[in-house]
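Hello,

Here is the structure I promised to pass on. Please open it first, then read my notes below.

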Amino acid sequence: MDLSNRRNGSGDEENYNSRNGKKQYHRHTTEQIQQLEAFYNECPHPDKNQRQQLSRELGLDQKQIKFWFQNKRTQIKALNERADNNSLRSENERIHFENLSMHDALKKAFCPSCNNSGVCEEEKRQNLQRLRIENARLKEEYERAVNFFTNYTGNPALPFAGTEPSTSAPGQQYMSQHWSTSVTHVDKSVIIETAVAAMNELMELLRVNEPLWFEAPSDHGRYTLRRDNYDMIFPISNQVNTSSTRFESSKDSGEVAMSATHLIEMLVDVNKWKEIFPTIVTKATTLEVIDTGIFGGLLHLMYQKMHILSPLVAPREFFFIRYSRQINSSTWVLVDVSYDFITQLQDSVPTRSWRFPSGCIIQDISNGKSTVTWIEHVQVDDKLSTHRLYRDFVCDSQAYGAKRWITTLQRMCERFAFSNGLIATPTNELEGVIESLEGKRNVMNLSQRMVESFFEVQRMSDKLDFPNPSEYQNSGVCFALRKSDGPHQPDGFIVNAATTLWLPFSKEHLFNFFQDEKRRAQWDVLSNGNPVIPVAHISTGTHPGNRISVIQPFVPKENKMVVLQESSIDSLGAAIIYAPMDLKALLSVVNGDDATKIPILPSGFVISTDGRASSRGTNGASTSSNTGGGGSLLTVAFQILICHNQLTTQLNMESVATVHTLISSTVKKIKAALHCYD
């Protein structure tokens with residue numbers, strides 16, 4: 001790396017003199033450099049307050065402090081890159097000369113007993129073939145290391161001695177464009193050892209109940225680890241080193257409508273994994289596939305982001321090892337465990353989520369069904385970043401616990417069975433509008449994409465900065481602005497707004513209210529009080545409310561627009577997601593056209609219990625009446641396309657005002673319809 005034109009961390013500061021066009025250098029004193037070096041060892045990335053303090057103590061400008069730290073980090077990075085490159089070169093040369101020596105020794109091999117003829121010639125040929133195979137394997141290992149190195153530094157590593165540089169695209173299996181790894185080589189033996197230890201621990205946790213597990217008194221059937229007993233059997237260290245960190249553990253089981261073989265195939269495929277948990281997993285990436293062939297299972301390095309319910313709930317991110325293995329002809333086990341192969345991300349915050357051995361055991365019970373027992377065990381620090389409305393819900397392991405994974409899996413497997421005609425659908429007039437199974441399946445796939453898109457944007461992390469008017473900052477409404485140019489959503493700038501409120505009703509009562517098409521005009525501001533016409537229904541579950549609906553809104557002189565809506569309810573909560581759609585586009589999907597080409601912009605409602613013990617019965621279901629002591633949390637979310645081209649400040653402010661009015665009016669109409677007044 002050429003550093004001749006860069007400032008360094010030794011104390012020289014350059015200033016440009018506009019009069020003579022020359023650069024002037026300012027040298028720091030020895031005492032200043034010593035104090036800066038000492039501070040750098042403790043904190044390489046000082047914040048603004050720390051830079052101000054250093055400026056006062058050392059008598060330097062804040063810009064000088066900032067530039068010194070930038071230069072120092074650049075210098076250290078360059079030294080590390082040079083060391084890594086030299087290490088790779090030495091290793092490559094060693095392998096190359098080792099192969100040459102082995103090849104030369106094989107040529108000179110002589111067998112006195114047979115005068116180096118006949119059988120020895122055949123043995124020499126076989127040895128040469130094995131050597132070529134080994135050489136090819138070593139080259140492949142080298143290219144994988146180079147890919148990691150190139151993906152991190154952006155600079156090509158030195159080519160392998162005697163070979164041409166690799167032309168394969170670096171990092172295809174390792175990192176998405178948003179992440180970089182600070183390691184240049186993955187130690188497979190350590191990863192395998194970690195995966196096997198995690199598998200053994202998970203099997204023990206699945207096998208033993210007492211004294212490791214005890215049943216949660218407020219939620220029958222949900223088990224929690226006894227920390228003192230667990231720590232004696234599996235000593236661990238704190239991975240999230242903050243004062244407010246806590247452990248979450250839970251175990252739950254249930255029967256799902258899918259065979260064990262099919263289910264494990266979906267769980268180990270990262271794309272299907274995201275599809276089967278659309279309300280939990282918002283991002284999932286396989287960083288590398290490690291195919292050892294030693295333990296009879298699949299071993300992956302993965303990244304996952306989880307988020308549920310509302311922007312007020314903090315998301316969780318994990319870099320982890322996933323190891324799946326077949327135990328016998330009808331049983332599979334899948335384990336996930338965090339692994340620190342991603343370290344020192346540039347400008348990253350400390351790790352706040354760490355997964356100890358977690359996962360599931362899947363046992364086939366014939367008839368296309370299986371039983372699944374799930375364990376979730378993490379250490380997190382998200383209490384302060386979670387809004388008080390959801391704090392009880394999150395801290396009691398109800399948000400991301402094993403019960404949510406099992407419940408979501410059961411619901412999605414049931415939906416999958418309905419989409420493939422494995423379960424008979426109710427017979428009624430609207431169910432028969434779309435007659436063919438293929439047409440129904442196409443609409444269900446489109447609706448699945450709508451649901452995934454809705455929950456993915458609710459974390460509101462991929463947003464552009466824009467001014468938030470002061471009158472809306474304390475209104476309880478979260479705003480986000482993003483630029484969308486993908487095939488799944490309309491091209492342009494989109495405003496996403498969401499708010500969450502507590503209502504003194506059970507989740508079933510709220511779900512029935514929103515799902516009732518006859519009452520839609522009571523809350524849908526855009527309907528202007530006019531009734532809607534249900535056009536078609538597609539059942540997605542045995543509960544009558546689990547269905548996809550095609551709705552015709554009453555819009556004078558406009559009959560080419562419909563609303564696609566999916567409603568879903570389970571023991572933990574409910575959701576009603578909908579999006580306007582061109583009728584012609586929907587008909588094309590029914591007839592088999594590609595659903596991924598249709599832009600979709602969903603809005604909707606998410607309902608959950610409030611996490612308080614008074615609103616949960618013995619089976620974990622809500623027991624609050626319409627006016628009882630318990631209640632539910634309702635999240636209202638809208639997305640609106642505001643422009644296709646350049647975004648101006650005026651348009652930005654007007655858009656925020658429009659969306660705020662829309663969401664506020666909707667909340668008022670909901671409260672009025674439910675006779676719930678502040």
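**The α1/α2 pair**

The crossing of α1 and α2 is right-handed. Keep in mind throughout that this is a predicted model.

Two numbers describe such a pair: packed helices are characterised by the angle between their axes and by the distance between those axes. Here α1 covers residues 30–42 and α2 covers residues 48–58. Their axes come within 11 Å and cross at roughly 160°. An angle over 145° counts as roughly antiparallel, and therefore α1 and α2 are roughly antiparallel to each other.

Which residues in α1 and α2 meet? From α1 they are Q32, Q35, L36 and F39. From α2 they are Q50, L54, E57 and L58. By class, this contact has 4 nonpolar, 3 polar and 1 charged residues.

A word on spacing: an α-helix has 3.6 residues a turn, so residues three or four places apart point the same way.

I33 also belongs to helix α1. Is I33 buried or exposed? The cut-off for buried is under 20% relative accessible area. I33 has 17% relative accessibility, so it counts as buried.

**Helix α10**

Helix α10 runs over residues 402–419. Its length checks out. At 1.5 Å a residue, its 18 residues should span 26 Å, and the end C-alpha atoms are 26 Å apart, which agrees.

How many of the 18 residues of α10 are buried? The count is 16, so α10 is largely enclosed by the rest of the structure. Just after α10 comes G421, with a positive phi of about 70°.

Most residues other than glycine have a negative phi. Two residues here are worth a look on that score.

L309 has a positive phi, near 65°, and is not a glycine. Where is L309 found? It sits in the loop between β7 (297–306) and β8 (316–328). Its relative accessibility is 8%, so L309 counts as buried.

H675 is not a glycine either, yet its phi is positive at about 55°. H675 lies in the segment after α15 (649–673). Is H675 buried or exposed? The cut-off for exposed is over 50%. H675 has a relative accessible area of 64%, so it is exposed.

Best wishes

Technical notes. Residues numbered from 1 in each chain as written. Predicted model: local features only at pLDDT ≥ 70, side-chain atom pairs only at ≥ 80, totals over all residues. Heavy atoms only, no water. Axes fitted to C-alpha atoms, helices over the stretch in contact; angles between N-to-C directions. Helix = DSSP H or I, 4+ residues; strand = E, 2+ residues; numbered from the N terminus. Parallel < 35°, antiparallel > 145°, perpendicular 65-115°, else oblique. Left-handed = near helix turned anticlockwise from the far one by under 90°. Contact = heavy atoms within 4.5 Å. Nonpolar A, V, L, I, M, F, W, Y, C, P; charged D, E, K, R; others polar. Expected span 1.5 Å × (residues − 1). Buried < 20%, exposed > 50% of the residue type's maximum accessible area, 1.4 Å probe, protein only.
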